[in-house]
Amino acid sequence: MDKLVVMARVGGIWTSPARKSGRSEGHERCRAIAGQGLEGCAHANPPRREVLFVSREHLDSVGVEPGAIRENVTVEGADVQQWPIGQRLRAGGAVFEGTMVCDPCHRMDELREGLRAELDGRRGMLARIVESGEVAVGDEIALL
């Protein structure tokens, strides 16, 4: 059995119905599907960009609401930028592995001029899904 180190909670779960839709839909729970991303999310780009984790504290620091920057999982209680690449974590019934830091793109400035620069070093951590499972708001996030 893996030793679990609980370090945070799922504060929000978001999917986008279509690429470039500019919309994020919030969910109380969602299925994470290995090799695909969150069920119903058009932004997944396997294998390295299946899910985007963003720290709530980073969103607050730039004055944007959860879901606004098209993250999939809003994390409360941890700085996701500090997770090492390759770190595995469990959120609800799914296991994820950090693959790369997400750099803010030009689309952030479509939300608010200058947001791309404000998000530098705070855009989040991309991950792949190692084990499929359901993730719900309030679930613990534990490092494996």
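A salt bridge here is a side-chain nitrogen of Lys or Arg within 4 Å of a carboxyl oxygen of Asp or Glu. The side chains of Glu-118 and Arg-112 meet that rule, at 2.7 Å from N to O. Before going on, note that this is a predicted model, in which local features need pLDDT of at least 70, side-chain atom pairs count only at pLDDT 80 or more, and totals for chains, interfaces and linings use all residues. Residues are numbered from 1 along each chain as its sequence is written, and side-chain values use heavy atoms, with hydrogens and water left out.

Back to the charges. The structure holds 8 salt bridges. Another one joins Glu-140 to Arg-9, with the closest N and O atoms 3.6 Å apart. Glu-140 sits in strand E11 (residues 140–143) and Arg-9 in strand E1 (residues 5–15), so this pair ties together parts that are 131 residues apart in sequence. Helices (H or I, at least four residues) and strands (E, at least two) are DSSP runs, numbered from the N terminus. Glu-140 is partly exposed at 40%, and Arg-9 is partly exposed at 39%.

For a local pairing, look at helix H2 (residues 107–111), where Arg-107 and Glu-110 lie 3 residues apart, about one turn of the helix. Their salt bridge has its closest N and O atoms 3.7 Å apart, and Arg-107 is buried, with a relative accessible area of 18%. Elsewhere, Arg-88, Glu-97 and Arg-128 are linked in a network of salt bridges.

Now for the nonpolar side. A nonpolar core is a set of buried Ala, Val, Leu, Ile, Met, Phe, Trp, Tyr and Cys residues joined through side-chain atoms within 4.5 Å. The largest one has 23 residues, and those with the most contacts inside it are Phe-53, Val-75, Trp-83, Phe-96, Val-135 and Ile-141. Among the elements giving it two or more residues are E1, strand E5 (51–55) and strand E8 (94–101). A second, separate core of 11 residues includes Leu-52, Ile-69, Cys-102 and Met-108. As for Val-135, leaving aside neighbours within four places in sequence, its contacts (heavy atoms within 4.5 Å) include Val-10, Ile-13, Ala-91 and Phe-96.

Rings of Phe, Tyr and Trp (its six-membered ring) pair if their centres lie within 6.5 Å; planes under 30 degrees apart count as stacked, over 60 as edge-to-face and the rest as tilted. A search of the whole structure finds 2 such pairs. Phe-53 and Trp-83 are edge-to-face, 5.6 Å centre to centre with 70 degrees between the planes. They link strand E5 to the loop between E6 and E7, 30 residues apart. Phe-53 is buried at 1%, and Trp-83 is buried at 7%. Phe-53 also pairs edge-to-face with Phe-96, at 5.1 Å and 85 degrees. Phe-53, Trp-83 and Phe-96 form one aromatic cluster.

And the cysteines? With a disulfide taken as a pair of cysteine sulfur atoms within 2.5 Å, the count comes to 0. The sulfur of Cys-102 is 7.2 Å from the closest cysteine sulfur, in Cys-105, so that is too far for a bond. Cys-102 is buried at 5%, whereas Cys-105 is partly exposed at 29%.

Terms used. Buried < 20%, exposed > 50% of the residue type's maximum accessible area, 1.4 Å probe, protein only.
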